[in-house]
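Hi everyone, thanks for making time.

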Amino acid sequence: MDLDAYVACPECDLLHRRQTLPSGGVAKCTRCGAALYRSPRNSLDRTLAMAATGVILLIIANCYPFLSLNVEGQFRETILITGIVELYRQGMPLVATLVLLCGIVFPFIELAGLVYLLLPLKFDHRPWRMLTVFLVIRAVGPWGMTEVYLLGILIAIIKLTSMADIITGAAFYAFALLSFVVAAAAASLNADSIWQRLTVRQ
Amino acid sequence: MTAARYGLVGCHDCRQVSRPRPDGDQNKHACPRCSASLHPRKPASIAKTWALVLAAAILYIPANVLPVTRTTHLGSSQTDTIMSGVIYFITSGSWHIALIIFVASIVIPALKLVVLSFLLISIHWRWQWRPEERTRLYRLIAAIGRWSMVDIFVMSIMVGLLKLGLIASIEARQGIFFFGAVVVLTLLATESFDPRLIWDRMEDR
């Protein structure tokens, strides 16, 4: 029995024989309906493009003015990290760390890691420490929450417009785009094909 | 037939199916592809999930009772809990914001605790009832769980922007720490739960 030809459902453990999927297809478990494996179109190129775009957007989001506030003649300009630093100063180091990790650090590790893996693979080279890097990407991926962060930013803006003028900066638009780019990168990644390139260890 | 029935183990991460060597300790078997340690089911899933659910349920109380913010506006200041913040938005006419915060911060964490407890009890009593729907319930809370972080992100933006001393400022209070702990614990609880246990009970028949 060639075990590579089989896949066990991650949610109900039913054993399935792998089949070749049409481009863009998803294989689902016949018993519980969980997604088993996918075959996104042009997976490598698309994911690489999205991840590289994401890295650039994340850098812009961290360097340029994010939001400014104008109330009663008082003006205050912030960058993305300002609120996190302020939470830390107010005696909330753990909450500040949580926001920093889920909002900025984990998405950056995921995007930069994907570029590191996929760029050499595109030219048929095997990146150094491929397995370790991919395992790190898989571990931090679910904890990256740029889309939730974006919703939080929008709610904060709506909350504050009742008492102040809010001016959105370049970093705000970069972050808004970023949350879509992260989702697109995750959707186009074919994890199966990366695993298959990792040869069996002796 | 499940992989376990064939004596096979599917890697929880890379999905590679492999057969543990019959002489070796089944719990020390490593995935031939990604070298993760393999277990037929997540180890101590039920005990871990119960522990995280109970811890989150206890912290859910201070998260909702203690104030999460202190707002100063033109010299007067007031503290708000998550719920009083929601009520403030209903009364000020922003019912859609109130709804998002209410669902993300109050309903979703509670729903996750109720659903996980229900699934754990159903496994304990070996229910045969609708395994497919119960798996879907698990998939639902796994998908929506991350959105309860939204209030923490809102806070991180507000404290950074609104810092104009007595004119207008906002400060985080201890409630937000407990709320953050609830969110992280419920996310970990969802991750430690193994939905395959729902289906194992079906095979016991």
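Let me start with a question: which residue in strand 6 of chain B stands opposite Thr71(B)? The one to find is Ile170(B). I'll come back to that sheet in a minute.

Some housekeeping. This is a predicted model, so I keep to its rules: local features need pLDDT of at least 70, side-chain atom pairs count only at pLDDT 80 or more, and totals for chains, interfaces and linings use all residues. Residues are numbered from 1 along each chain as its sequence is written, while chains are lettered from A and ligands numbered from 1 in the order in which they are written.

Okay, chain A. It has seven helices and seven strands, where helices (H or I, at least four residues) and strands (E, at least two) are DSSP runs, numbered from the N terminus. In sequence order, the pattern for chain A reads β-β-β-β-α-β-β-α-α-α-α-β-α-α. Chain A is more spread out than a compact globule, because its radius of gyration is 21 Å, well over the 17 Å that the globule rule gives for 202 residues. For the record, that radius is taken over C-alpha atoms, and the rule is 2.2 Å times the number of residues to the power 0.38. The C-alpha trace of chain A spans about 75 × 40 × 35 Å along its principal axes. As for burial, 35% of the 202 residues of chain A count as buried. Buried means 20 or more other C-beta atoms within 10 Å of a residue's own; exposed is 12 or fewer, partly exposed is in between, and C-beta atoms are placed from the backbone.

Now, where the chains meet. Chain A puts 52 residues into the contact and chain B puts in 50; two residues are in contact if their C-beta atoms, placed from the backbone, lie within 7 Å. On the chain A side, helix 5 gives the most, with ten residues. That side of chain A divides into 36 nonpolar, eight polar and eight charged residues. Here Ala, Val, Leu, Ile, Met, Phe, Trp, Tyr, Cys and Pro count as nonpolar, Asp, Glu, Lys and Arg as charged, and the others, Gly among them, as polar.

What about the core? The largest nonpolar one has 108 residues, and Val95(A) and Phe153(B) touch the most other members. A core here is a set of buried Ala, Val, Leu, Ile, Met, Phe, Trp, Tyr and Cys residues joined through C-beta atoms within 7 Å. Helix 3 of chain A brings the largest share of this core, ten residues. Leaving aside neighbours within four places in sequence, Phe153(B) has contacts including Val99(A), Val148(A) and Ile153(A).

Back to that sheet in chain B. Four strands make an open sheet, order 4-3-6-5, with antiparallel pairing; two strands pair if DSSP finds at least two bridges between them. Strand 4 (76-80) and strand 5 (163-164) of chain B are the edges, each pairing on one side only. Strand 3 of chain B has five bridges to strand 4, with Thr69(B) opposite Asp80(B), and five bridges to strand 6. Strand 6 of chain B is largely enclosed by the rest of the structure, because four of its five residues are buried. Strands 5 and 6 of chain B pair over two bridges, with Leu164(B) opposite Ala168(B). In their hairpin, which has three residues between the strands, Gly165(B) takes a positive phi near 60 degrees.

That's my tour, thanks.
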